[in-house]
Amino acid sequence: MVALDSDAALVLFSAGQDSTTCLAWALDRFRRVETIGFEYGQRHGIEMELREPIRRKLAALDPAWAARLGPDRVIALDVLGQVSESALTSDLPMGKRPDGLPATFVPGRNLVFFTFAAIVAYQRGLKHVVGGMCETDFSGYPDCRDDAIKALQAAINLGMDARLVLETPLMWIDKAATWRLAESLGRSPLVELVRTETHSCYRGVRGTLHDWGHGCGDCDACALRAKGWAAYAAMRASAAAGTHRPTGL
Ligand code: ZN
């Protein structure tokens, strides 16, 4: 069986809120952290432009993080865009498909991503592969579900004779808790970095900086992000009010 460094991780990094929080989570835990991204014919290229500036700014938040952050690699998976028809990879309308799944669903995308990441992790000797999949507060992609990831982990380890661990630190938390996780990892500088630098919008819109970040404001990804931010901001406001409450009440 291949030897893997249990203090090392490869993070699926797309420059979004979730994967940036996952990257901070990994930098907080592992001595050696590398990142991987995929070009698969997304309808906009904004994620690719943002990944290096975000990595640089994350590393600048903490000298320990800077020392741990290793190389980034982007894998061309254009073939995924060629074989799938989705509102994420072509100019189709967003919204729901007749079967109830989001029109942005790219069948098998996360399975392919994790499999390619596992191949790279195997060769680089990195035991942990980290992804921002979440089934608590999500758009309804079946391959974000915990059972799908666990089944894939079993298949990968059987097929590669390895003991890789597919880590999904956001699986059981909602979007508001994802903001809280960023706060607990890097306090307000990290929250501010995630809010202003990361990109979630399916339409690739940057433009205005809303209180929850950049985006068109009405695609599923923007709606989820805005809702999570509102819940987090409300919680933060009530916690601040609570600290000023006189004791003994
Ligand atoms: Zn949007």
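Modeller: Gladly, and burial comes before the rest: a residue is buried under 20% relative accessible area, exposed over 50% and partly exposed in between, using a 1.4 Å probe and protein chains only. This is a predicted model, in which local features need pLDDT of at least 70 and side-chain atom pairs count only at pLDDT 80 or more, while totals for chains, interfaces and linings use all residues. Residues are numbered from 1 along each chain as its sequence is written, and side-chain values use heavy atoms, leaving out hydrogens and water.

Colleague: Is Phe38 buried or exposed?

Modeller: Phe38 has 5% relative accessibility, so it counts as buried. Phe113, at 9%, counts as buried too.

Colleague: How do I read aromatic pairs, and how many does the structure hold?

Modeller: A pair of aromatic rings is described by the distance of the centres and the angle of the planes. Rings of Phe, Tyr and Trp (its six-membered ring) pair if their centres lie within 6.5 Å; planes under 30 degrees apart are stacked, over 60 edge-to-face, and the rest tilted. The structure holds six such pairs. In one of them, the ring centres of Phe38 and Phe113 are 4.4 Å apart and the planes are at 10°, so this pair is stacked. Phe38 belongs to strand S2 (residues 32–39) and Phe113 to helix H5 (residues 109–124), so the pair ties together parts 75 residues apart in sequence. Helices (H or I, at least four residues) and strands (E, at least two) are DSSP runs numbered from the N terminus. Ring pairs also link Tyr40 with Phe38 and Phe113 into a cluster.

Colleague: Why is the pair of Trp179 and Tyr232 stacked?

Modeller: Their ring centres lie 6.2 Å apart with planes at 20°, so the pair counts as stacked. Trp179 sits in helix H7 (residues 175–197) and Tyr232 in helix H8 (residues 220–243), so parts 53 residues apart in sequence are tied together. Both Trp179 and Tyr232 are buried.

Colleague: Which residues touch the most other members of the largest nonpolar core?

Modeller: A nonpolar core is a set of buried Ala, Val, Leu, Ile, Met, Phe, Trp, Tyr and Cys residues joined through side-chain atoms within 4.5 Å. Here the largest has 69 residues, and Leu12, Leu23, Phe114, Val129, Leu164 and Leu190 touch the most other members. H7 gives the most to this core, nine residues.

Colleague: And how should I read empty space?

Modeller: Rolling a probe the size of a water molecule over the atoms shows where empty space is left. On a 1 Å grid over the protein atoms alone, a cavity is a set of points where a 1.4 Å probe fits but cannot get out; a pocket is an open set with protein on both sides within 12 Å along at least five of seven lines, and lining residues have an atom within 4 Å of a point. Points are joined across faces, edges and corners, and a volume is the space filled by probe spheres set on them.

Colleague: What volume does the largest cavity have?

Modeller: About 820 Å³. Of its 38 lining residues, Ser14, Asp18, Arg109, Tyr141 and Tyr202 are the closest to its centre. The second largest cavity holds about 30 Å³, and its lining includes Met94, Tyr202 and Asp220.

Colleague: Which element gives the largest share of the lining of the largest pocket?

Modeller: H6 does, with four residues. That pocket has a volume of about 150 Å³.
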